Amino acid sequence: MINRHLVQRLGFTLLGVISLIVVLPILFVIGNIVVRGIGAINWEFLTAMPRGGMKAGGIFPAIVGTLLLVLGTAVVAIPVGVGGAIYLAEYARDTFWTRILRLAIINLAGVPSVVYGLFGLGLFVLFLQFGTSVLAGSLTLAIMTLPVIISTAEEALRAVPGEFRLVSASLGGTRWQGIRSIVLPQALPGIITGIILGLLRAAGETAPILFTAAAFYLPRIPRSLLEPTMALPYHLYVISTQVPGMPPRIQYGTALVLLTIVLSMNAVAAIIRSYFRRRREW
Amino acid sequence: MGKPKRLSHPSHPRWGEFAIESTIRVLAFSSIGFVILIFFFLVREGFPIFWETSPENLFGTRWYPTFGLFGTLPLILGSFLVTVTAILIALPLGVATAVFVREVAPNWAREILKPMIEVLAGIPSVVLGFFGMTVVAPLVREVLGAPTGLTAFTGALILAYMALPTIISVAEDALDAVPKSYRDAGLAMGATQWQTIWRVVVPAARSGIVTAVMLGLGRAIGETMAVMMVTGNAARMPLTLDSLFRPVRTMTATIAAEMGEVAQGSVHYHALFGIGIILFVITFIINAMAAVTIFKKPRRGGLR
């Protein structure tokens, strides 16, 4: 019989090796893009319009476009998402309709990003006649972002102990007063984390804006919400598959800028979470 | 700990309170509205395809829109080939990593692994697709000696990594929900920690692991950009054994690649929305099945 403690030691080693197989490629992806993209990054690349069929110049309109889309997404998704989370965590009882609501949110989270694109095209671009625009793209991304915000914010609200609500009620506060002045402030770090996670997903998505907002080549800043815009993820797709003879330096530079934006949002979310978790008094 | 009951203040009816509660309720239930709207607009734009072409054409084996051939079968099979292969790769990696993180890893290793997996979840799909095109595809071509590295397998490889964060975090939650007393009982019987993990803890977390796989599957089948960039996009029936190492085309990639070029209201346009309906229904079913296991309360016997 094989020594079972030896088996355990070998098994644990194997699990460690598999975890390395999972993690190392992530480091390699990031390292590869940083090393090959860093040379492209300079002031002109970040602040100039693209020139010469996008093979020279900068990616300024794509950066601004992505920021505009994220901003538009935030304006819609934050109130609706946080409101939904407050309802689910503080008001909802376990009824038939609440269950349907939860099923709807789970399914919103599962709808493929390209199907969101189709939906945005059908509703916002064509039916409501917003055209291919920042507005149509933001609304599409906002609906896609909702389930992320709702589920993380609900979790944050539920983590606040019930006694806090009881104390508020015992002092004569109404339910909403308790939520607004006691529960929400306590849950705020968790809610903000959820919002950032949702928005970083919106910043990186390409498929939902393909037919709702993205312009192939538009070397200026959109003048109104009803104009199309360039956006970083779509721009990376375009210059890596649609434009022959693209200099790799620009491709990697664009990928690096996108990756930096998304990963720094990720880092901010992680820092907020761990900072407030340590400071929490309950 | 129950929630406090609504306090009544008969002396002054609180209209403000009522208005706020109603607003919050409307905001919440708008989510149901969005699901209905998504389905409605997919059907509105996609349903005409069912009387514009014959069912034989629609479920045929040839997708050549310029010749009026809208056979969705190669696209559906393409999606399934890539997705199922991705899950077959991701499942063992994901469960092993979840077990390592939850049961085995020392604290310092956990502190490194968990943020790394979160970072992976945050990398945009178009960036992974770009990496797949520039690094993974040439590698696959060299290893296989194939004419192109843009194959179903390349797509499955990238997709597996995209599904990993979902699988790992849900599987970890499932392991977390297994009561500590189960582990103690296993160890008290004289089993090693290794035996306890695989004979007691993982089987007890089975339903959660199934949920993890379902959610990973749902995520993988809907993935668009990365798949479109690395699978080569040839709409052929993946029926032979070597299909995995040949170009393939998925439903999502077809929509993304062709929607920009079709005239609104054309048969081709309706067909692309039709594929959207198929995708929506498939992911709806997968997620509803995953949801059923989430709604079931986990068994919590004894102390944790």
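The largest nonpolar core of this predicted model holds 185 residues, and those with the most contacts inside it are B:V127, B:L159, B:A163, B:I167 and B:A171. Such a core is a set of buried Ala, Val, Leu, Ile, Met, Phe, Trp, Tyr and Cys residues joined through C-beta atoms within 7 Å. Helix 7 of chain B (residues 152-176) gives the largest share of this core, 17 residues; helices (H or I, at least four residues) and strands (E, at least two) are DSSP runs, numbered from the N terminus. Local features need pLDDT of at least 70 and side-chain atom pairs count only at pLDDT 80 or more, whereas totals for chains, interfaces and linings use all residues. Residues are numbered from 1 along each chain as its sequence is written, and chains are lettered from A in the order in which they are written.

Leaving aside neighbours within four places in sequence, B:A163 is in contact (C-beta atoms, placed from the backbone, within 7 Å) with B:A86, B:I87, B:A90, B:G216, B:R219 and B:A220. B:V82, in helix 4 (residues 73-104) of chain B, is buried because 33 other C-beta atoms lie within 10 Å; the cut-off for buried is 20 or more, with 12 or fewer for exposed and partly exposed in between.

Turning to chain A, 11 helices and two strands are found, in the order α-α-β-β-α-α-α-α-α-α-α-α-α. Its C-alpha atoms fill a box of roughly 70 × 70 × 35 Å along the principal axes, and 51% of its 282 residues are buried.

Between the chains, 73 residues of chain A are in contact with 75 residues of chain B. Helix 1 (residues 4-37) supplies the largest share of the chain A side, 18 residues. That side divides into 50 nonpolar, 20 polar and three charged residues, where Ala, Val, Leu, Ile, Met, Phe, Trp, Tyr, Cys and Pro count as nonpolar, Asp, Glu, Lys and Arg as charged, and the others, Gly among them, as polar.

One helix pair spans the two chains: the axes of helix 11 (residues 248-279) of chain A and helix 5 (residues 107-122) of chain B come within 10 Å and cross at roughly 140°. A:V262, A:L263, A:N266 and A:A270 in helix 11 of chain A meet B:P115, B:E118, B:V119 and B:G122 in helix 5 of chain B. This contact comprises five nonpolar, two polar and one charged residue.

Notes: Two residues are in contact if their C-beta atoms, placed from the backbone, lie within 7 Å. Axes are lines fitted to C-alpha atoms, for helices over the stretch in contact, and angles run from 0 to 180 degrees between N-to-C directions.
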